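Work through the exercises below with the structure open beside you. Try each task before you read its solution.

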2 protein chains.
Amino acid sequence: MDRELTDRQRQVLRFIQYHLQRHQVPPTVREIAGQFHFASPRTVQDHLRGLIRAGVVRVRPHIARGIELLGGGVGIPIVGRVPAGTPSQPFDEVEGYLEWRPLSPPDGQTFALRVKGDSMVNAGILDGDYVLVRRQETAEDKDIVVALVDGEATVKRLVKQDGTSQLVPENPSHGAISLRHDSQLVGKVIGVFRRYV
Amino acid sequence: MDRELTDRQRQVLRFIQYHLQRHQVPPTVREIAGQFHFASPRTVQDHLRGLIRAGVVRVRPHIARGIELLGGGVGIPIVGRVPAGTPSQPFDEVEGYLEWRPLSPPDGQTFALRVKGDSMVNAGILDGDYVLVRRQETAEDKDIVVALVDGEATVKRLVKQDGTSQLVPENPSHGAISLRHDSQLVGKVIGVFRRYV
DNA sequence: TGACAAGCCATACATCTGTATGGTACATCT
DNA sequence: AGATGTACCATACAGATGTATGGCTTGTCA
């Protein structure tokens, strides 16, 4: 698997990406056929098989609109060079797609949490930011984690030293909290998202 | 339209959101019925009609999996209280869904850019972060913007004062750049995304 | 008490949809 | 010359799917 895509296959893949962005659902086999003026659904099957072999797509069998994109493509295009002039099709300078579906595999173990307070400002996590958290009960030294302290969820950096664990803020005006047995680790912060109104 | 949702309707909506996150596609009418142990697809139709009247959902007629969420819901669930115990069904404590589809309407005016340098650290934008940019040629005072300076894209805060415009970094060790006519404003930063490996 | 809405059920049907069978045309590589 | 792979076509079919018709029950509100 993971072979090169042919031109046609790339076109089909692009259309699937486009359809997903536009309609929130992948196209049916016949909708793809319609787009490319294929007279037979079989033709689409062939191309899909190619995409599957290349490892960029999965198809849930016997399920309507069962095409799933594996490599991403649902999101915001990441441009390499910023085109100065016309805001035309960015379709070509695109380096990839920024998305967080791969951050959230279909296991329900990823969630978002709104940050309260400024204890992590020096790590670039501000009040009101969203942190993306993957649920797990252990973490490495220096990981940024979410822990339950006195029933409240806090975001801190985990520092393991001499057999003890501490929740260390990234703000000189806050103190560290030693991770006691009653403080429970909820998960690891795998991303930060901030939105300007 | 835009009336209150009933409890049942809210549950159905939650399930649609959950299904979208999990499978990249909305559920079929019968998949919803299965989830709630409805014996008849008609029951789902009733609830869908309610959701349509409430304005939170659109249904593309006669199209498989034609349910479209209007208010968002494709993304990572934002939890209110962090459940300490079992990572069970997430779809009840969910406050909303973190997503950036609303940031990127299908007009191709939004793109992402990888930040180089630390000139905006004090605004919580670090080296390697992605900024989400909406293309526009003007911006307000205090907006964080992307501008082309000497052919390079930079992220700075725009400060308008006494009829002049300046690109001001959020880092004391960097200097401001006056926005000359040959420096071109590319767009406004509407979001920041950072991913921890 | 009666109107009304919410929530549910049973059944039916045309069409949509994934998938299979069995082909043709045209390049490329051996 | 033969094998191989890509790209396409015609047709068929079982099951999935949206949707309609016609009900039933329960609680609410006037």
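The exercises that follow treat a predicted model.

**Exercise 1. DNA strand D**

Task: Find which residues come nearest to DNA strand D, and which element gives the largest share of the surface near it.

Solution. 
Step 1. Start with the residues around DNA strand D. There are 27 of them. A:Ala39, A:Arg42, A:Asp46, B:Arg30 and B:His62 come nearest.

Step 2. Look at individual atom pairs. A polar side-chain atom of A:His47 is 2.8 Å from a phosphate oxygen of DNA strand D.

Step 3. Two or more residues of the surface near DNA strand D come from each of α1 (7-23) and α3 (41-53) of chain A, and α2 (29-36) and α3 (41-53) of chain B. The largest share is that of α3(A), with six residues.

Step 4. Sort by class. The surface near DNA strand D holds nine nonpolar, nine polar and nine charged residues.

Step 5. Turn to the DNA side. Take the atoms of DNA strand D within 4 Å of the protein: 52% belong to sugar or phosphate, and the rest to bases.

**Exercise 2. DNA strand C**

Task: Find which element gives the most to the surface near DNA strand C.

Solution. 
Step 1. List the neighbours. DNA strand C is surrounded by 26 residues. The closest are A:Arg30, A:Gln45, B:Arg42, B:Asp46 and B:His47.

Step 2. Check the phosphate contacts. The side chain of B:His47 has an N or O atom 2.8 Å from a phosphate oxygen of DNA strand C. For the side chain of B:Arg8, the distance is 3.1 Å. A:Val29 uses a polar backbone atom, 2.9 Å from a phosphate oxygen.

Step 3. Name the elements. α2 (29-35) and α3 of chain A, with α1 (7-23) and α3 of chain B, each supply at least two residues. The most comes from α3(B), with six residues.

Step 4. Sort by class. Nine residues are nonpolar, eight polar and nine charged.

**Exercise 3. Strand β11 of chain A**

Task: Decide whether strand β11 (residues 184-195) of chain A is largely enclosed or open, and find what it pairs with.

Solution. 
Step 1. Count the buried residues. In β11(A), 10 of the 12 residues are buried, so the strand is largely enclosed by the rest of the structure.

Step 2. Find partners within chain A. Strand β6 (residues 130-135) pairs antiparallel with β11(A) over six bridges. One of the bridges joins A:Arg134 to A:Lys188. Strand β7 (residues 144-149) also runs antiparallel to β11(A), with four bridges. Here A:Leu148 has A:Gln184 as its bridge partner.

Step 3. Cross to chain B. β11(A) pairs antiparallel with β11 (residues 184-195) of chain B over five bridges. A:Arg194 is bridged to B:Val192.

How values were computed: Residues numbered from 1 in each chain as written. Chains lettered and ligands numbered in written order. Predicted model: local features only at pLDDT ≥ 70, side-chain atom pairs only at ≥ 80, totals over all residues. Heavy atoms only, no water. Near = heavy atom within 4 Å. Polar contact = N/O pair within 3.5 Å; in protein donor to acceptor, adjacent residues only side chain to side chain. Nonpolar A, V, L, I, M, F, W, Y, C, P; charged D, E, K, R; others polar. Buried < 20%, exposed > 50% of the residue type's maximum accessible area, 1.4 Å probe, protein only. Pairing = 2+ DSSP bridges.
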